[in-house]
Amino acid sequence: MRSFSINLQGRINNFHLPKNQPLIPLFEAIVNSIHAINERKKQDNKFNNDYIKINIIRSEQMSFEGFGDIPSICSFEIIDNGIGFNEANFNSFMESDSTYKADLGGKGVGRFSWLIAFEKAEIESIYFDKDKYFKRNFTFTTNNNEINDEVTCCENETDNRTIVRLINCINPYMKNIPKKGDTIALKIIQHCLVYFFSDNCPQITLIDNEHYYNLNELFKEKIQTEKNTSTIQVNNEKFELLHVKSGESSINGNKLYLCAHSRLVETKELDKYITDLDRKIYEKNSFWYIGVLRGKYLDEHVDMNRLSFNILNNGKLENTLDDITMEKIIQSAIVEISKFLKDYLQPIADTKLKQIRNYVTHQAPQFRHLLKYRATDIAKIKPNLSEDKLDDELYRIKRDFDRSILKENNQLLDELNKGIINSHEYIDKFSQQIEKLNSANGATLAEYVAHRKVILDLLEFAIRKKDDDHFQKESFLHNLIYPMRTTDSDISYSNHNLWLIDEKLAYCSYISSDIPFNNNPKEKRADIMILDSPVAVSDEESTGKEYERIIIFELKRPMRDDYNNNQNPINQLYQYVSTLRKNNVKDKNGRIIRVGENTKFYLYAVCDITPSLEQILEYNDLLQTPDKMGYYKYNERMNSYIEILSYDKIINDAKKRNKILFDKLGI
């Protein structure tokens, strides 16, 4: 009976094992087997029939062909013919934090992970000592701080054999163990990748009931390497980076493995570090890239549980230029990986830049200047983004560019005021800033012009017949031109599109859209009413100001054709004039809309000129416009100019006015 040199339960409680790492105890047992075999080889140079067998034990052992409803894995059995639990190894096992295998990277604590994830471990070991074979049996459990190891002589044995059984995995670890044997096989290869590269790697087999996995053959089949290595130096420390190509689809990503003592400790997803590295490399070339990074510095700074490194992280701890940080190590590796993958990455980068150029040229010219001034940031955009996500990225870069211009302007003026630069230097720097400012301002203009193109496209879409054989409602077009139930105090210039009809309409004293007279829902409401150029007619406050011009729009549904002598847009517009001339109509702010003898009314009906309307236009003696797309008339008695604007005319005229802008932007 032997006792541990520490409180066993307390030591296990202090061993951190994340629930999403349920195979760590298995890995520890396998690496112990590799060490045991290597130790035996050192003592016996004729020993070459080495093996490690791993048996998967499920909650219900049964024959199965597929992997649909297979039972959960509850235990593992690891068998090897290494040196075995001889007296020296058993003494090391009984000592916490043993340094017995320190030269191999052993921390002396890995076995404690067994009892975190499993109820117990049973060990049976046959080893050779002093010309005889001995057998040692014992159970490793938290129930007892002592171990009763039975050692017997085995006269009939002819070879070493050690069996470690990890029995009854407990939750939450059990539910996180992968169900499929081939998945576990691949994870073992990934964890012990460096060992598999060695010519001295033992023959390792995984057995899952009727399924056998030769991990050495699987490694050769799935992992390709041409012994491509790069040496990396960070400060005075050297690291070795092995470049690996893996055809195994389940790796599902390009990765950097940070290893210590030939074992995987941390995995970094390279897609987060190398912009143009993504799934395309596997889809086009049938391999995932794996970088295997190792070095003495990593060996010396791996933590006790081999789950991370005790290395400074930038942004978390204070560090100097002489410090070796994890960020410096990774970035140095990224440089070499990018060189190795250059032939794969460059076509992706070229295709991405072509996509961005096409997008900013034809759809988002407000970002075009970024190609010149923010080429580095553009290059950092991930490939194959949707247009929405690409627009978001370009907007973010543009926002940073605008901020930098403002900062540089202020800095330039500050330097001039303090005499840091002379007038000649200022002129040169100022010229450079002006060039950037012009580009930024041009981008803003380009964005607005592109917006106009979109609005025109929407208007053309709105007047087409829909799939249900109907046309858009009047409200759709109304909101497109000017949002309903708003005034000019509610929205900005950029949020309405009166420019579709006339550029000058945006600069009037008062604009209301679908607001009833006197704010009374029961009274008439003009679709759009514009009050322009108020003129003082008296010094008295009560008299106020009359409006020089009042502009009213009436909008109709596309292709409406049910007009008659009473219900038609001409009558509606004249009725608005008659109502306003009474001088008792108030605007949204409660102020009288004053109409005088000199107030001129400009009345517009926006609609399609259908047969029923055409007849009414003829009865009212309206004249056709030269382009044959509208009608007009001046009503002298009502001091009103009335015009019928067809949707086709509005679109045609707006396109002509904006053509030069669209052409300049290439849209």
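The points below concern a predicted model and take up ring contacts, charges over rings and a surface patch.

1. Aromatic pairs. Across the whole structure, a search finds 18 aromatic pairs. One of them joins Y282 and W288 in a stacked arrangement, with 4.8 Å from centre to centre and 10° between the planes. W288 has a relative accessible area of 1% and is therefore buried, the cut-off for that class being under 20%.

2. A pair between distant parts of the chain. The rings of Y289 and F340 form a tilted pair, because their planes meet at 45°, and their centres are 5.8 Å apart. Y289 belongs to strand 16 (residues 288–294) and F340 to helix 10 (residues 326–340), so that 51 residues separate them and the pair links distant parts of the chain. The two partners may be set side by side: Y289 is buried, at 0% relative accessible area, whereas F340 is partly exposed, at 23%.

3. Aromatic cluster. F85, F90 and F138 together make up one aromatic cluster.

4. Charges over rings. R40 lies over the face of F47, 4.0 Å from the ring centre. The charged end of K53 is placed over the ring of Y51, at 5.3 Å from its centre.

5. Nonpolar surface patch. V454, L458, F461 and F476 form a nonpolar patch on the surface, and their accessible area together is about 320 Å². Helix 15 (residues 423–462) gives the most to this patch, with 3 residues. V454 is found in helix 15; its relative accessibility is 47%, so V454 counts as partly exposed.

Terms used: Residues numbered from 1 in each chain as written. Predicted model: local features only at pLDDT ≥ 70, side-chain atom pairs only at ≥ 80, totals over all residues. Heavy atoms only, no water. Patch = residues over 30% accessible without salt bridge, like charges linked within 9 Å, V, L, I, M, F, W, Y side chains within 5 Å. Areas by Shrake-Rupley, 256 points an atom, 1.4 Å probe, with all protein chains shown as cover. Salt bridge = Lys/Arg side-chain N within 4 Å of Asp/Glu carboxyl O. Helix = DSSP H or I, 4+ residues; strand = E, 2+ residues; numbered from the N terminus. Buried < 20%, exposed > 50% of the residue type's maximum accessible area, 1.4 Å probe, protein only. Phe/Tyr/Trp six-rings, centres within 6.5 Å; stacked < 30°, edge-to-face > 60°. Lys NZ or Arg CZ within 6 Å of the ring centre and 35° of its normal.
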